[in-house]
Amino acid sequence: MLWYLILISIITFIIYGYDKYLSKTAQRRISENALLGLALIGGIIGAASGMIIFNHKVSKKSFLVKFFLVVLIDVVLLYRLIRH
């Protein structure tokens with residue numbers, strides 16, 4: 001489980017960086033749903049790191065609200081997984 005979380009976080013971080021690159025070069029972007037989906041399946045650390053390091057999506061309030069909902073969902077799921 002730990003290796004999965006590490007791998008998905010690394011992948012998510014790279015994709016957030018790539019999406020930031022696409023935004024700077026005015027190319028077709030990765031959807032917000034895809035970015036949030038990566039966070040939801042375990043890439044929260046990578047997503048949060050990518051948002052901070054690449055300064056990506058941090059000023060978009062609607063995305064931040066959705067992101068924090070994803071974090072809340074993941075925390076609840078992780079708690080339930082550890083508890084059982």
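This briefing walks through a pocket, a helix pairing and a handful of residues in the structure above.

The model is predicted, so local features need pLDDT of at least 70 and side-chain atom pairs count only at pLDDT 80 or more, while totals for chains, interfaces and linings use all residues. Residues are numbered from 1 along each chain as its sequence is written, and side-chain values use heavy atoms, with hydrogens and water left out. Three helices come up again and again here: H1 (2-24), H2 (32-53) and H3 (61-83), and each supplies at least two residues of the lining of the largest pocket. Helices here are DSSP runs (H or I, at least four residues), numbered from the N terminus.

**The largest pocket**

- Rolling a probe the size of a water molecule over the atoms shows where empty space is left.
- A pocket is an open set of points on a 1 Å grid over the protein atoms alone, where a 1.4 Å probe fits, with protein on both sides within 12 Å along at least five of seven lines.
- The largest pocket holds about 320 Å³ of space; a volume is the space filled by probe spheres set on the points, and grid points are joined across faces, edges and corners.
- It has 16 lining residues, and the closest to its centre are Leu5, Gly42, Ile44, Asp74 and Leu78; a lining residue has an atom within 4 Å of a point.
- H3 gives the largest share of the lining of the largest pocket, with 6 residues.
- By class, the lining of the largest pocket has 13 nonpolar residues, 2 polar and 1 charged. Nonpolar covers Ala, Val, Leu, Ile, Met, Phe, Trp, Tyr, Cys and Pro, charged covers Asp, Glu, Lys and Arg, and the others, Gly among them, are polar.

**How H2 meets H3**

- H2 and H3 pack at an angle of about 85°, and their axes are 9 Å apart.
- That angle makes H2 roughly perpendicular to H3 (the label covers 65 to 115 degrees).
- Axes are lines fitted to C-alpha atoms, for helices over the stretch in contact, and angles run from 0 to 180 degrees between N-to-C directions.
- On the H2 side, the contact includes Glu32, Leu35, Leu36 and Met51, and on the H3 side it includes Phe63, Phe67 and Asp74. Contact means heavy atoms within 4.5 Å.
- The contact of H2 with H3 has 14 nonpolar, 1 polar and 3 charged residues.

- For accessibility, buried means under 20% relative accessible area, exposed means over 50%, and partly exposed is in between (1.4 Å probe, protein chains only).
- Threonine 12 sits in helix H1 and is buried, at a relative accessible area of 0%. Leaving aside neighbours within four places in sequence, threonine 12 is in contact with Leu38, Gly43, Gly46 and Ala47.
- Tyrosine 16 belongs to helix H1 and counts as buried at 0% relative accessibility.
- Not counting residues up to four places away in sequence, tyrosine 16 touches Leu35, Leu36, Ala47, Gly50, Met51, Phe54, His56 and Phe63. Tyrosine 16 and methionine 51 are 35 residues apart in sequence, with 7.1 Å from C-alpha to C-alpha.
- Phenylalanine 63 is in helix H3 and is buried, with a relative accessible area of 0%.
- Among the residues that phenylalanine 63 touches, not counting those up to four places away in sequence, are Tyr16, Glu32, Leu35 and Lys57. Phenylalanine 63 and leucine 35 are 28 residues apart in sequence and 9.9 Å apart in space, C-alpha to C-alpha.

- Isoleucine 11 is part of helix H1, and its 35% relative accessibility makes it partly exposed. Its C-alpha atom is 7.8 Å from that of glycine 43, 32 residues apart along the chain.
- Isoleucine 53 is in helix H2 and is exposed, at a relative accessible area of 59%. Isoleucine 53 and glycine 17 are 36 residues apart in sequence but 8.5 Å apart in space, C-alpha to C-alpha.

**The loop between H2 and H3**

- Asparagine 55 lies in the loop between H2 and H3, and its phi is near 50°, a positive value in a residue other than glycine.
- Lysine 57 is found in the loop between H2 and H3, with a positive phi of about 70° although it is not a glycine.
- Is lysine 57 buried or exposed? At 14% relative accessibility, lysine 57 counts as buried.

Note on methods: Angles under 35 degrees count as roughly parallel, over 145 as roughly antiparallel, 65 to 115 as roughly perpendicular and the rest as oblique.
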